[in-house]
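Biologist: I am new to this structure and would like to learn how to read its features; could we go through a sheet and then some charged pairs?

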Amino acid sequence: MELGKDELRAQLRTMPPPLLIHGPATLRILSLPPEPPPAPWFDLLELFLFVHPARSATPTARGIGLELGLLTPEALKETILTADILYQICEKLVQDLQEAAQTPSIKARLHAFLIPLRQAGWSWAPFLEQFLHETSSTFATAAPKRSTAYDILKVWKRLPQWEEKAQRPHPGSQPVDPTAARKRLATMLGHSAEPRPGQADFASAVTHAFRPRDIPNAPNIILAEAGTGTGKTMGYIAPASLWAETNDGAVWISTYTRHLQRQIEQELIRLYPDAEQRRQKAVIRKGRENYLCLLNLEDILNTVQNRPPQQKHSLIPLTLLIRWAECTSDGDLMGGDLPGWFGELFSHGLLSAIADRRGECIHAACPHYQTCFIEHSIRRAQHADLVIANHALVLSQAAWNALIPQKRAPADIADENGIPTRYVFDEGHHIPDAADSAFSLTFSGLEAAELRRWLLGAEGSRSRARGLARRMDDILERLPELQAPFQTLIYATQKGLPRPGWSLRLQATREQPTQGTETPPGTIPEDLDHPAEIFLFMLERQLLARREEEHQQQRGDVSHTRQECDLHPTIPDLTEATEHLLNALQAILRPLDQLIKLISEQLEAPAEEGDMPFRQRLESTLRSLYRRAFSRLQGWVGILRTIITPPNPHDHPLYIDFIRRERLPALRTMEESYDIALNRHWLDPTIPFASTLQSTTHGLLMTSATLRDRDGDDTEEESWEKAEQRLGTTHFLQPPLRAALMSPFNYAQQTRAYIITDVPKDMASLAHAFQRLFETSRGGALGLFTAIQRLKEVHRRIHEALALQGLPLYAQHVDAMDNATLIDVFRTEPHSCLLGTDAMRDGVDVPGEALQMVVFERTPWPRPDILHRERRRLLSGGRPGAYDDQITRMRLQQAFGRLIRRSDDYGVFVTLDRRMPSRLLSAFPKGVPIKRLPFDDALSEIEVFLQERREAR
């Protein structure tokens with residue numbers, strides 16, 4: 001029976017709990033409000049989590065059916081699945097559960113997990129008890145004691161412990177022979193791989209990064225631009241794995257997106273077919289905030305257990321997460337083997353709370369230290385051949401290690417991940433953005449309050465935040481000489497950093513009536529008597545005085561007020577507030593510096609036998625104090641000093657300083673609140689990037705399909721020179737080697753590009769254009785937007801009409817799924833379409849007919865903020881317009897690169913911005929036919945082209 005949306009909404013309120021997939025997404029589709037937990041439905045994703053923990057599937061009927069073997073890949077071509085597939089999935093999952101329960105120990109564990117789930121009201125619990133040959137009444141009459149019932153949730157008691165190994169020697173310096181790299185590549189690919197002519201040449205060329213370094217502080221650098229389809233991932237894995245095996249060292253492979261990390265992990269199966277060998281040889285490393293923290297888990301579990309029965313519904317996601325924790329390979333909550341839709345089903349807040357997001361790890365003092373997922377990952381990485389990480393972690397690690405040769409690192413302690421000498425930066429075009437994020441500095445109410453909480457703890461609230469006293473109690477007890485500076489530090493923090501409730505007090509000053517009164521300059525509200533809060537108040541006063549109202553953007557149709565202004569010149573009242581805050585921060589820095597020096601002296605003393613765990617504890621504490629507090633406070637002091645002693649406006653600046661107001665998460669007491677921030681960015685962020693890497697790095701590969709801007713007026717040499725300037729290789733002592741390999745694809749035959757000349761700018765016309773394009777493509781279309789509001793409005797206008805034609809439309813910022821899940825759904829569901837912003841433009845790999853059209857609603861110009869204004873003014877060589885064009889062309893290159901991923905792919909690129917200038921068209925690969933046409937004419941040509949390509953395929 002088929003029902004309309006209105007009928008279905010009415011029926012759901014009277015029918016028994018339905019069987020469905022992804023309850024929150026279903027409610028959103030039906031325009032129904034969220035249901036309070038426990039969920040009144042049978043969600044097959046929850047059942048999948050229980051039966052197959054640490055195993056992921058696309059959260060649709062087709063996706064789960066494929067994962068369970070109920071459907072074949074050919075089923076992807078079927079447009080509609082009937083509701084019977086839900087029953088088939090349910091039957092298969094129950095069958096899998098019964099098969100697993102044939103083992104007595106597994107059956108006992110499954111029963112034990114169902115006890116807290118039933119008590120929490122999980123809809124599946126009675127049903128599963130029945131199929132495990134137990135009844136609810138049996139459990140009810142023989143209910144175990146609470147302590148016994150919850151023992152199954154204490155997963156830390158069952159996890160394996162890591163064992164310490166001898167320190168790995170420094171790696172050798174033997175080079176990789178280009179011929180050997182080609183042979184290794186051929187062995188990995190085998191005879192059945194798709195032929196890629198340039199792949200072996202790429203593998204041979206990048207061996208330059210694995211040559212021994214001849215000059216101190218001058219690593220061997222190669223810039224390797226590999227066109228889409230070259231096969232660069234396997235191309236650099238071949239020489240990297242050879243170097244690691246020959247020299248007993250690790251090569252760190254750094255990516256910008258999680259998606260590429262997952263892709264590299266899959267590619268490594270060819271190098272290490274055996275799963276256990278692959279686990280030993282290759283490790284994915286992320287920051288601590290990505291992993292499950294067992295101590296946080298224990299704290300949350302204790303809190304939930306003590307709640308009354310009617311409030312124990314949070315045990316459902318907690319129990320399913322613990323079920324996953326005993327099966328996971330690495331404990332990675334974000335992008336590992338925990339399905340990306342877990343947080344969507346329950347709450348992303350649980351995952352944030354259960355990870356160490358605030359840097360409160362107590363390391364060796366933790367009762368779960370020996371079973372800690374993070375420590376497991378670190379120790380595996382220390383002895384691996386290939387470590388796959390992200391740019392942020394790599395730059396943080398390199399920045400710490402760069403302090404050692406400069407004699408600035410406390411006690412000369414290396415980063416916990418060691419000191420790599422060989423790096424591969426995949427998605428190398430993102431290095432400037434990654435460096436900008438890694439080396440920027442912000443003083444804001446939120447940042448300062450977080451530091452206060454890190455140092456002092458919860459301060460009377462119900463938060464579980466552990467202060468420094470709790471985290472260092474064992475150290476303070478053993479080293480009494482730390483007590484005096486520690487107490488001074490605590491007192492100075494209480495006086496110097498914003499007190500709890502700072503945002504409410506600042507909000508109150510904004511809402512005070514001003515009519516009929518004139519507030520004299522320098523007047524400070526009575527509620528503000530704290531140096532940090534007064535400073536934030538003065539920052540906002542300058543912002544309100546200087547900002548410009550931009551009621552209508554030239555490139556947008558949404559009213560917008562610029563929430564930022566330059567720091568210099570400052571208003572007079574800000575200087576006095578800065579002096580008070582500077583004194584307060586220096587009062588915190590002095591005892592903190594003393595603490596660090598005392599701990600460093602303790603580490604430099606000869607170690608006593610059997611004292612290694614305590615030394616490791618001191619090392620980790622020292623790193624935390626320096627990274628989380630000391631270096632941040634030093635940066636804040638530096639930027640405050642520039643307010644008191646302003647820089648010469650005629651000098652070429654190193655930094656860009658500005659004030660920005662940003663929205664805070666909504667509070668229960670108010671609809672919206674704002675934080676005020678003082679920001680410092682490097683004018684050229686590749687300067688610190690180069691300075692941190694050049695001292696410890698021996699070889700460096702930067703690779704991407706879009707290292708260079710395709711400016712039609714540039715010569716080959718000019719394009720490389722611009723790439724080197726943008727990527728920062730000009731700041732290294734030794735110039736890079738250059739390599740470029742063309743894409744093997746026939747773009748003239750496989751693609752078309754259209755600039756539509758007659759679509760008006762109003763939302764109705766824009767939505768109509770998207771709908772007709774998506775209908776013409778019959779799905780497999782990606783729509784890219786430069787503004788979230790326009791994306792949401794287009795989705796609202798067209799999603800029902802497309803759904804009625806069997807073309808489901810998914811959207812970032814609309815659907816209750818994260819980006820990775822949306823891409824998985826888009827890839828799996830035939831004839832689906834997807835709307836997204838810049839996150840969907842980069843790093844998305846959707847081959848085949850799942851993606852055959854990319855539609856841009858506007859030309860992706862850079863955002864005209866202060867940061868961009870100063871960089872285009874000072875880094876453009878006097879050609880600011882060319883600087884804008886370069887950024888825009890590279891964005892277009894990345895977007896176009898989503899279309900063709902394999903030799904038999906085909907696709908159409910469409911932009912609805914008739915004002916797109918011709919000078920940007922060189923962003924497209926050579927040979928792509930580009931036309932400016934009215935919408936109807938372009939639609940006719942697109943329909944003919946796609947039909948011809950489908951028939952040819």
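Modeller: Four bridges join β8 to strand β13 (residues 673-682), and the two run antiparallel; strands are DSSP runs of E, at least two residues, and helices runs of H or I, at least four, numbered from the N terminus. This is a predicted model, in which local features need pLDDT of at least 70 and side-chain atom pairs count only at pLDDT 80 or more, while totals for chains, interfaces and linings use all residues. Residues are numbered from 1 along each chain as its sequence is written, and side-chain values use heavy atoms, with hydrogens and water left out.

Biologist: In what order do the four strands form the open sheet?

Modeller: Strands of a sheet pair through backbone hydrogen bonds, either parallel or antiparallel. Here the order is β8-β13-β12-β11 with antiparallel pairing, where two strands pair if DSSP finds at least two bridges between them. β8 (441-444) and β11 (564-566) stand at the edges with a single partner strand each, so one side of each has no neighbour in the sheet.

Biologist: Which residue does R62 form a salt bridge with?

Modeller: Side chains of opposite charge can pair when their charged atoms come close. R62 pairs with E829, their closest N and O atoms being 2.7 Å apart; a salt bridge is a side-chain nitrogen of Lys or Arg within 4 Å of a carboxyl oxygen of Asp or Glu. The pair links distant parts of the chain, 767 residues apart.

Biologist: Are R62 and E829 buried or exposed?

Modeller: Both R62 and E829 are buried, where buried means under 20% relative accessible area, exposed over 50%, and partly exposed in between (1.4 Å probe, protein chains only).
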